[in-house]
Amino acid sequence: MPAIVIVGAQWGDEGKGKATDHLGDRVDYVVKFNGGNNAGHTVVIGDEKYALHLLPSGILTAGCTPVIGNGVVVDLDVLFQEIDGLEARGIDTSALKLSANAHVIADYNRTLDKVTERFLGSRRIGTTGRGIGPTYADKMNRIGIRVQDLFDEKILTAKVEGALDLKGQVLTKIYNRRAPSVEQTVEELLGHTERLAPYVCDTTLLLGDALDRGETVLLEAGQATLLDVDHGTYPFVTSSSATAGGACTGSGIPPTRIDQVIGIVKAYTTRVGEGPFPTELHDDSGEFLRKQGWEYGTTTGRPRRCGWFDTVIARYAARINGVTDFVLTKLDVLTGLEQVPVCVAYEIDGKRYDEMPVNQTDFHHAVPVYEYLPGWWEDIAEARSFEDLPAAAQRYVEYVEERAGARISLVGVGPARDEVVVRHPLR
């Protein structure tokens, strides 16, 4: 069975768990292939709510093997805090697999992330301060620490020494912060080795064998397309590849094994952190979306910036990822609006743009061009077929689909797993 990729098609927090939940027991492996604990998924099962940061959402599905791929950067303290939290609630986490090639976040990178953001001031990126970016930088500079290094103290010590030769100078002489000692960092990392060992394996071999046996592998992105380091709103992006292409490099699964790419979009748009956001609302409408959708970061608790649905970025995400199906989440949040604006293009210096402008400067100055659809007042949480939705809600879905570049196969009508309308089967 070929692999399936799930990606965020906006700036993150789109509700990717909705698609994972819908596929449910049809999935044998769920792989987190990028990012770290700088993003989170909230999964609602019955009356229980789970906030996941490093762990793939498959950790909550019995019989599914959750995998943290080589493209992820791992804070081991956070990993075991999450595992302990789930185990305390009766969730079995013993099936988890972790790539030996995944990079580990060291204490000095967490410190660097925080002090760099403060130093940048008004030019800050809006990172979570969890050491994600500096760890990816170490990876590209070939001075990173991988999970497998924790099982060879000599190699680990040499790598930490090499990293701190530079980073220690930066922390003390530029930021006036005391750098951790080599011994301190090595001791902290080695403290996890014994507990870590049962989870570590060659995940590329594991997943390749699974696909050869005809099993289904779901590749789950952290962050989203517009936060991708190559294709997002650079430099206000994350440090990893959050697109379908990143699923291949971050898991070791070749592109020829992937036959479905599911893009997740909210029925409106949100963003956390700095950077351009053409449809952002600074009025009562923005506050309405924030309150109705409970738009606060799963990981940081920060209020999310809110705006209307943007078909320009949806088409862009469809093209970049090769989206075969969209999942439209949180349609219920729009209930109660007299009319619902949809951004269909931008105006920049008097010129209309129906696609993403080439230059970031232009995107910063983009003014949304809206078309307006009638709203609805009926509660849609009980809808399970498209025909159950009010006519105005159906029209909204169809209108967005016409302009988004791929069919909308699922529509989320509430936070729970089963609160979904199926228009086309995902499998």
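# Reading a core, a helix and salt bridges

Me: Which residues does L219 touch, leaving aside residues up to four places away in sequence?
Reply: L219 touches A3, I4, V5, I6, V31, F33, A247, S251, I253 and I258, with residues up to four places away in sequence not counted. Contact here means heavy atoms within 4.5 Å. The model is predicted, so local features need pLDDT of at least 70 and side-chain atom pairs count only at pLDDT 80 or more, while totals for chains, interfaces and linings use all residues. Residues are numbered from 1 along each chain as its sequence is written, and side-chain values use heavy atoms, with hydrogens and water left out.

Me: Which residues touch the most other members of the largest nonpolar core?
Reply: A nonpolar core is a set of buried Ala, Val, Leu, Ile, Met, Phe, Trp, Tyr and Cys residues joined through side-chain atoms within 4.5 Å. Buried means under 20% relative accessible area, exposed over 50%, and partly exposed in between, with a 1.4 Å probe and protein chains only. The largest core has 60 residues, of which V217, L219, L331, L334 and Y396 touch the most other members. Helix α13 (residues 391-404) gives the most to this core, with seven residues. Another core, of 39 residues, lies apart from it and has L55, I91, V104 and L189 among its members.

Me: Which residues of helix α8 are buried?
Reply: Helices (H or I, at least four residues) and strands (E, at least two) are DSSP runs, numbered from the N terminus. An α-helix has 3.6 residues a turn, so residues three or four places apart point the same way. In α8 (residues 203-212), the buried residues are T203, L207, A210 and L211. These residues are on the same side of α8 because they cover an arc of only 95° around the axis; the arc is that of the directions from the helix axis to the C-beta atoms.

Me: What covers the buried residues of α8?
Reply: The cover includes strands β1 (3-8), β2 (29-32), β5 (65-68), β7 (97-99), β9 (200-201) and β10 (217-220). After α8 comes G214, with a positive phi near 85°. Helix α4 (residues 132-140) can be read alongside: I132, P134, T135, Y136 and D138 are buried there, and α4 is followed by R142, with a positive phi near 60°.

Me: What is the nearest side chain of opposite charge to E220?
Reply: Side chains of opposite charge can pair when their charged atoms come close. A salt bridge is a side-chain nitrogen of Lys or Arg within 4 Å of a carboxyl oxygen of Asp or Glu. For charge, Lys and Arg count as positive and Asp and Glu as negative; His and the chain ends are not counted. E220 is in strand β10. E220 is buried but has no salt bridge, and the nearest side chain of opposite charge, K32, is 6.6 Å away. The E220 side chain does make a polar contact with the side chain of S57, at 2.5 Å. A polar contact is a pair of N or O atoms within 3.5 Å; within protein, one must be able to donate a hydrogen and the other to accept it, and residues adjacent in sequence count only if both atoms are side-chain atoms.

Me: How many salt bridges does a search of the whole structure find?
Reply: The search finds 21. One of them joins D13 and R304, whose closest N and O atoms are 3.2 Å apart. D13 lies in the loop between β1 and α1 (17-23) and R304 in the loop between α10 (284-292) and β13 (305-307), so the pair ties together parts 291 residues apart in sequence. D13 is partly exposed at 24% relative accessibility, whereas R304 is buried at 5%.

Me: Where do E295 and K330 lie?
Reply: E295 is in the loop between α10 and β13 and K330 in the loop between β15 (325-329) and β16 (339-348), so their pairing ties together parts 35 residues apart in sequence. In this salt bridge the closest N and O atoms are 2.9 Å apart. E295 is buried, at 0% relative accessibility, and K330 is partly exposed, at 25%.

Me: How do I read the backbone at D13 and D349?
Reply: Most residues other than glycine have a negative phi, and most peptide bonds are trans. D13 is not a glycine, yet its phi is positive, about 65°. D349 is not a glycine either, and its phi is positive, about 50°. D349 is in the loop between β16 and β17 (351-353) and counts as exposed, at 77% relative accessibility.

Me: Which residues does a cis peptide bond join?
Reply: The bond joins Y234 and P235, with omega about 5°. P235 is in the loop between β10 and α9 (244-249).
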